[in-house]
Amino acid sequence: MAKRHAEPYRLFKRGDIWHAYISLVLETGERIQLRETTGAVSEQKAVEYCLKRIEQIQKKARSQATGEFPSITVDEAFGIFFQKHAQYYARPNETLRKLKLIKDNIFVKYLHQIDTAELSDYIQRRKSHVGNGTINRELVIISSLITQCRLLKYKTSDVRPSKLRLREPAENVKYLQNWDIAQTIIDRAANHLKPIIYTALYTGLRRSNILNLKWSELDFQNNLINVKVKDKNTAGGKNLTLPMIAKLKNILLAQPKINEYVFNYHGHPVNDIKHSWRSIFYDSKGVLKDSSLPYVNFHTLRHTAATWILKKTGNLKITQEILGHANISTTMKYAHVMSEEKMRALNSVFE
């Protein structure tokens, strides 16, 4: 620990990162004690963080004493939101990427300047790059950020991002029509990608869960897979247990145990399959290899697993539990499959 007896803070390291213990007495006589990460690998940067944090605390206390909430910059607001809230989401790195993208498209300095007019401009800027669904998800993040900062007694506007949500078209769920198409994709995939594709089809797991799958999460004795999946109501995600069918068990047991991760390539965990997946469909010049096999994204495999399960079982509840959906309404987007099956059944009877 870096001793600084004359200062209202002390620094200590955890790994490469400096953390701080802040203890100071406010003008009101109240003592504030905090333990938090500075996010810095440099001791000097950590000191700067502590001095800035102490100034924020004192400024906030003075503002509260006068009955007025202190202003906070957009940069500070996003930093505090991630540190106190968003880092506990199921995929913190992905959340951090989204926060940076959102912040880069907000053109005001202070959080309280994010009002209806600014958000309307934000939406127009984003419309030229992404769809309505993506913008709506970004508005949810902004709304949560403003709410958290308001609870922390920072000055905010009375904007309600939810009122600005855009209309989204009904989701057209894409899935592979049959196993022959799936097998063609597998046959044309690189060797290290094949078992990953099989796992997606046999479990319906998301790409991130598959690539991060560890040996410790596999119970070969009871034929179970135990993973954490994203859940907005549970910090770090919720537990999901899936049955491991015999075909998948054999595939997983065939993977060499190089490290704690199940799927590896050249001795290292597979952390990105974008290029190898795209190579199934396109050549090096970006030309479709086979017109009979149009491109689908990897997430289509999750939709495929869900659709096939529902078609075979006719049970929405089981499908929901396998996919790990928190709400049955999410699973309902696959219900069109049952409608198609019923139509075929009626046609077959009354042809």
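# A guided tour of the sheet and its salt bridges

Strand S1 is joined to S2 by 6 bridges, and the two run antiparallel. The model is predicted, with local features requiring pLDDT of at least 70 and side-chain atom pairs pLDDT 80 or more, while totals for chains, interfaces and linings use all residues. Residues are numbered from 1 along each chain as its sequence is written, and side-chain values use heavy atoms, without hydrogens and water.

**The sheet**

Strands (E, at least two residues) and helices (H or I, at least four) are DSSP runs, numbered from the N terminus. Two strands count as paired if DSSP finds at least two bridges between them. Strands of a sheet pair through backbone hydrogen bonds, either parallel or antiparallel.

Viewed as a whole, the 3 strands form an open sheet in the order S1-S2-S3, with antiparallel pairing. Strand S1 (9-14) and strand S3 (31-40) are the edges; each has a single partner strand, so one side of each lacks a neighbour in the sheet. From one strand to the next, the twist averages 20°, where axes are lines fitted to C-alpha atoms, for helices over the stretch in contact, and angles run from 0 to 180 degrees between N-to-C directions.

Next, select Arg10, which stands opposite Tyr21 in S2. Move on to Arg14, whose bridge partner in S2 is Ile17. The hairpin of S1 and S2 has 2 residues between the strands, and Gly15 there takes a positive phi near 70°.

Now turn to strand S2 (residues 17-25), which 8 bridges join to S3 in an antiparallel arrangement. Select Ser23 to find its bridge partner in S3, Gln33, and then Leu24, which stands opposite Ile32 in S3. The hairpin of S2 and S3 has 5 residues between the strands, and Gly29 in the turn has a positive phi of about 95°.

Is S2 buried or exposed? Of its 9 residues, 7 are buried, so S2 is largely enclosed by the rest of the structure. Buried means under 20% relative accessible area, exposed over 50%, and partly exposed in between (1.4 Å probe, protein chains only).

**The salt bridges**

Side chains of opposite charge can pair when their charged atoms come close. A salt bridge is counted when a side-chain nitrogen of Lys or Arg lies within 4 Å of a carboxyl oxygen of Asp or Glu. By this rule there are 8 salt bridges.

Select Arg53 and Glu36, which form a salt bridge with their closest N and O atoms 2.7 Å apart. Arg53 belongs to helix H1 (residues 43-65) and Glu36 to strand S3, so distant parts of the chain, 17 residues apart, are linked. Both Arg53 and Glu36 are buried.

Select Asp75 and Lys103 next; the closest N and O atoms of this salt bridge are 3.4 Å apart. Asp75 lies in helix H2 (residues 74-84) and Lys103 in helix H3 (residues 92-104), so the pair ties together parts 28 residues apart in sequence. Asp75 counts as exposed at 52% relative accessibility, whereas Lys103 is partly exposed at 26%.

Finish at Arg126 and Glu138, whose side chains meet in a salt bridge (2.7 Å, N to O). Arg126 lies in helix H4 (residues 116-127) and Glu138 in helix H5 (residues 132-151), so parts 12 residues apart in sequence are tied together. Both Arg126 and Glu138 are buried.
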